[in-house]
Amino acid sequence: MSTEAGTPHAQRPLHSDPKPPQRGYWCECWTELLTDQRRPELLASFDAYSAAQADRWVAAALRTISPALDADASDEAWEWLYEDRIETRRALLRAEPCTVSVTHARTRITWTIRPVLFLPLAHRKAAELPGCTGDFKPRPTD
């Protein structure tokens, strides 16, 4: 058994500097063909660490696509940007999930923002791998 400063390998922590979970927002953009029976498709996702960052992600997307939208969809986009965005931000600050949608022709585009806890990933920085890991050699495939 490997030891480091007298501590058996099995008793050493894998993560020497544990970090607490971090509050944030999981953002997604979905598209759905309204004339089809298929499920909506995930187009993009984004991890935001503040309400402002989350709503800016939606705002940037809406500003970017608004010139390509039909008149009704463009009006929906700009209405959210100028009138409804503040309500979205307030809801996010209350840790409430939010949805923003525009419908262009036969396609609905929906952004969802949900409060989440981001968990830190464990890493192997403070741990040694077993000696046998160096012995493994993958076999060539045919």
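Strand 5 and strand 6 (residues 107–118) pair in the antiparallel sense over seven bridges. Strands here are DSSP runs of E, at least two residues long, and helices are runs of H or I, at least four, all numbered from the N terminus. Pairing requires at least two DSSP bridges between two strands. Histidine 104 has threonine 107, in strand 6, as its bridge partner.

The model is predicted: local features need pLDDT of at least 70, side-chain atom pairs count only at pLDDT 80 or more, and totals for chains, interfaces and linings use all residues. Residue numbers start from 1 along each chain as its sequence is written, and side-chain values use heavy atoms, without hydrogens or water.

Four strands form an open, antiparallel sheet in the order 4-3-6-5. Neighbouring strands are turned by 15° on average, direction ignored. Axes are lines fitted to C-alpha atoms, for helices over the stretch in contact, with angles from 0 to 180 degrees between N-to-C directions.

Next come the helices. Helix 1 (residues 51–65) lies across strand 3 (22–33), strand 4, strand 5 and strand 6, at about 165° to strand 6. Helix 2 (residues 71–93) packs on the sheet and touches strand 3, strand 5 and strand 6. Its direction makes about 175° with that of strand 5.

Strand 3 holds tryptophan 30. This residue is partly exposed because its relative accessibility is 27%, between the limits of 20% (buried below) and 50% (exposed above), using a 1.4 Å probe and protein chains only. Beyond four places in sequence, tryptophan 30 has contacts (heavy atoms within 4.5 Å) including Pro40, Leu42 and Ile109.
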